[in-house]
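Here are a few friendly notes to read with the model open beside you. Take them one at a time and find each element as you go.

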Amino acid sequence: MSTAPLVITMGDACGIGPEIIAKAFAAGEAQGAFVLGDTAVMRRAVAQLGQSMAVATIEQPGDAAACPPRCVPLLQARGLPSDLQGAGIGRVDARAGAAAAACIEQAVALVRAGQARGIVTAPIHKEALSAAGVGFPGHTEMLQALAADPDEAMPPVRMMLANEELRTVLVTIHMSLRKAIDAVTFDAVLETLRITDRAMRRFGIAAPRVAVAGLNPHAGEGGLFGDEEQQIIAPAIAAARAEGIDATGPFAPDTVFMRARHAPGHPGEFDVVVAMTHDHGLIPVKYLGVEQGVNVTLGLPFVRTSPDHGTAFDIAGTGRADASSLIAALRMARRLSP
Ligand SMILES: NC(=O)c1ccc[n+]([C@@H]2O[C@H](COP(=O)([O-])OP(=O)(O)OC[C@H]3O[C@@H](n4cnc5c(N)ncnc54)[C@H](O)[C@@H]3O)[C@@H](O)[C@H]2O)c1
Ligand SMILES: N[C@H](C(=O)O)[C@H](O)COP(=O)(O)O
């Protein structure tokens, strides 16, 4: 059991990250964790919310434990742009992208050094990240690269989104749909099934039931609407089953989620759905609401969770952002890294 605190990366300074972090601390849901970010940005967020809370700059992660209630312990991240304060709320700004990337990089270094026990990431804006010249589309890819030394192979990772009713793991994520279709290979599907099965067991499900969604309408309708199910997905399922993984499918992507849903009066036929593309998997989870969803990166050698929503530039700075998903991410990170 680690006594190190959780680190919360501040996310894009122009988005709702800083204010939902402030709300989580104000609700007493982030106690024991610390923020890695910029003191002035966090102070602005706390002030905007009208919270009577201090932002206390700490020297090292271990100092977070000494912070009183209603205090946000903040470690000033290294290498932040000196003019970050000029980045406007609700806008794409390369300075905010660069700062967000610097926080993620340092958070991984802290976890790898044993100074933090897991990472909870506030949302970043992918255009801002790209404008800053960061070569990764999102957290998932960046964390994967940072999890290994430069001379080591990167761990295979997958994105999972989960709420009370559904869990979904994606074969492909941040790429065009055209590229995603080509990226649905036997190896990618089989690796996803292995990662998913291992993760479900780690989450306490002794015999995970993994449903596999198809790629094409009605899972190809027997080959009438595409043959990826017959050529790629079904063979990967068979290979996974030969390894003892209880994977079934491919099922029609439009109906498998209602079969998997765990809701009152509906026990759910599966524990998790593996989906081939980003939107196949994420629309059902997000449609149930941004309040409870948590994004977990599976396959990393450390815990990383995140809210299931983005920077919400349209409401940033208005005080309307709901912190529930971040709070759910904090709770899950605590559960996964006791
Ligand atoms: N974990 C992450 O870092 C993460 C996750 C998702 C999206 N993103 C990025 O965020 C940026 C904006 O993405 P988007 O506009 O597609 O999605 P978004 O989730 O930022 O916003 C979608 C809609 O949901 C609302 N919303 C989102 N979070 C909310 C909250 N906590 N409370 C109340 N309303 C909320 C927004 O106001 C907006 O109307 C993109 O660059 C995207 O890639 C990052
Ligand atoms: N695909 C995620 C979503 O829509 O919720 C989001 O872009 C976050 O991805 P990263 O965790 O890789 O930043």
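This is a predicted model: local features need pLDDT of at least 70, side-chain atom pairs count only at pLDDT 80 or more; totals for chains, interfaces and linings use all residues.

1. Residues are numbered from 1 along each chain as its sequence is written, and chains are lettered from A and ligands numbered from 1 in the order in which they are written.

2. Start with the open sheet: its twelve strands run in the order S3-S4-S2-S1-S5-S12-S11-S6-S7-S10-S8-S9, and the pairing is mixed. Strands are DSSP runs of E with at least two residues, helices are runs of H or I with at least four, and both are numbered from the N terminus. Two strands pair if DSSP finds at least two bridges between them.

3. Which strands are at the edges? They are S3 (54-57) and S9 (247-251), each pairing on one side only. S3 pairs with S4 (residues 71-76) in the parallel sense, over four bridges. Opposite Pro-73 in S4 stands Ala-56.

4. Now look at H8 (residues 228-242), which lies across S8 (210-213) and S9 and runs at about 170 degrees to S9. Angles run from 0 to 180 degrees between N-to-C directions, and axes are lines fitted to C-alpha atoms, for helices over the stretch in contact.

5. Finally, H1 (residues 17-26) packs with H11 (residues 324-336) at about 65 degrees, their axes 9 Å apart. Ile-20, Ile-21 and Ala-24 in H1 meet Leu-326, Ile-327 and Leu-330 in H11; contact means C-beta atoms, placed from the backbone, within 7 Å.

Notes. Two residues are in contact if their C-beta atoms, placed from the backbone, lie within 7 Å.
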